Amino acid sequence: MSEPFNLDSFKSDWQKIPDEKHYQSTEIFQMLQRKSMNAARWIFLISVLELVLTTISVIATLASPQVRIAHDDMFSKIGNSTFIIDLLYVCSIVTVIVFTYLFFQQYRRISVESSVNDLTHHILKFRRLVNYYFLINVALLFPIIILFVWVALAGVPEAELTSSQFYTILAIVAFVLITITLVFYWLYYYLIYGTFLRKLRRNARELDKIKNLTTD
């Protein structure tokens, strides 16, 4: 695996070589741009894969006869709450579609920018988009988990649970599932998206150093 580009080390080595072999600041800029494009491309491809897997999963689930029977059974027990579950499924897919498009747009902007300021701006904007994507997905997890626990508990005969017991179990089970899901989701985000976001952050810092050199 190649070492991350470090401008300070590069400048130190720069002073030790003949003038005719010095890199120009534009060449350093192009190097950082290529590294940023590569990181942005991987994030975009991962989001496309997530979109494909999410869509296939939802379609396969809804097309299953067993799921349709379970869906009708839920509707008979909890009525319009199944509409909320379906809506959350749709929101999840729409979220992936929208952010996949936004990732692609930012990737294109990173690939064509020709100034340090603009490239830095779009790298930072790309990182913010990924963070928003993570937060929105986390926000969608809460109602989905709570509703599924509620649906599961709704199948328990009323004689076996009092109202207070029902909501106590709902709160405990939902809290445990949300905590476990958040841990796994954070690990996924940190290991997959975080790897490329850290590269983008380093590139943005190096671009700031180039900008400072050109203004000195």
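Which residues make the nonpolar surface patch of about 720 Å²?

Analyst: This is a predicted model, in which local features need pLDDT of at least 70 and side-chain atom pairs count only at pLDDT 80 or more, while totals for chains, interfaces and linings use all residues. Residues are numbered from 1 along each chain as its sequence is written, and side-chain values use heavy atoms, with hydrogens and water left out.

The patch is made by Ile169, Ile172, Val173, Phe175, Val176, Leu177, Ile180 and Phe184. A patch takes residues with over 30% relative accessible area and no salt bridge, joining nonpolar side chains (Val, Leu, Ile, Met, Phe, Trp, Tyr) within 5 Å and like charges within 9 Å. A salt bridge is a side-chain nitrogen of Lys or Arg within 4 Å of a carboxyl oxygen of Asp or Glu. Areas follow the Shrake-Rupley method with a 1.4 Å probe, and for residues only the protein chains shown count as cover.

Of the 216 residues, 34% count as buried.

The largest nonpolar core has 32 residues, and Ile43, Phe103, Phe126, Val130 and Leu207 touch the most other members. Such a core is a set of buried Ala, Val, Leu, Ile, Met, Phe, Trp, Tyr and Cys residues joined through side-chain atoms within 4.5 Å. At least two of its residues come from each of helix H2 (25–63), helix H4 (81–112), helix H5 (116–154) and helix H6 (163–215).

Leu197 is in helix H6 and, with a relative accessible area of 5%, is buried. Beyond four places in sequence, Leu197 is in contact (heavy atoms within 4.5 Å) with Ile43, Arg127, Val130, Asn131 and Tyr189.

Aromatic rings follow a separate rule: rings of Phe, Tyr and Trp (its six-membered ring) pair if their centres lie within 6.5 Å, with planes under 30 degrees apart stacked, over 60 edge-to-face and the rest tilted. By this rule there are 13 aromatic pairs. Phe99 and Phe103 form a tilted one, 6.1 Å centre to centre with 55 degrees between the planes. They sit four residues apart in helix H4, so about one helical turn separates them. Phe99 counts as buried at 8% relative accessibility, and Phe103 is buried at 0%. Phe134 and Tyr185 form a stacked pair, 5.2 Å centre to centre and 10 degrees between the planes. This pair links distant parts of the chain, with Phe134 in helix H5 and Tyr185 in helix H6, 51 residues apart. Both residues are buried.

Note on methods. Buried means under 20% relative accessible area, exposed over 50%, partly exposed in between (1.4 Å probe, protein chains only).
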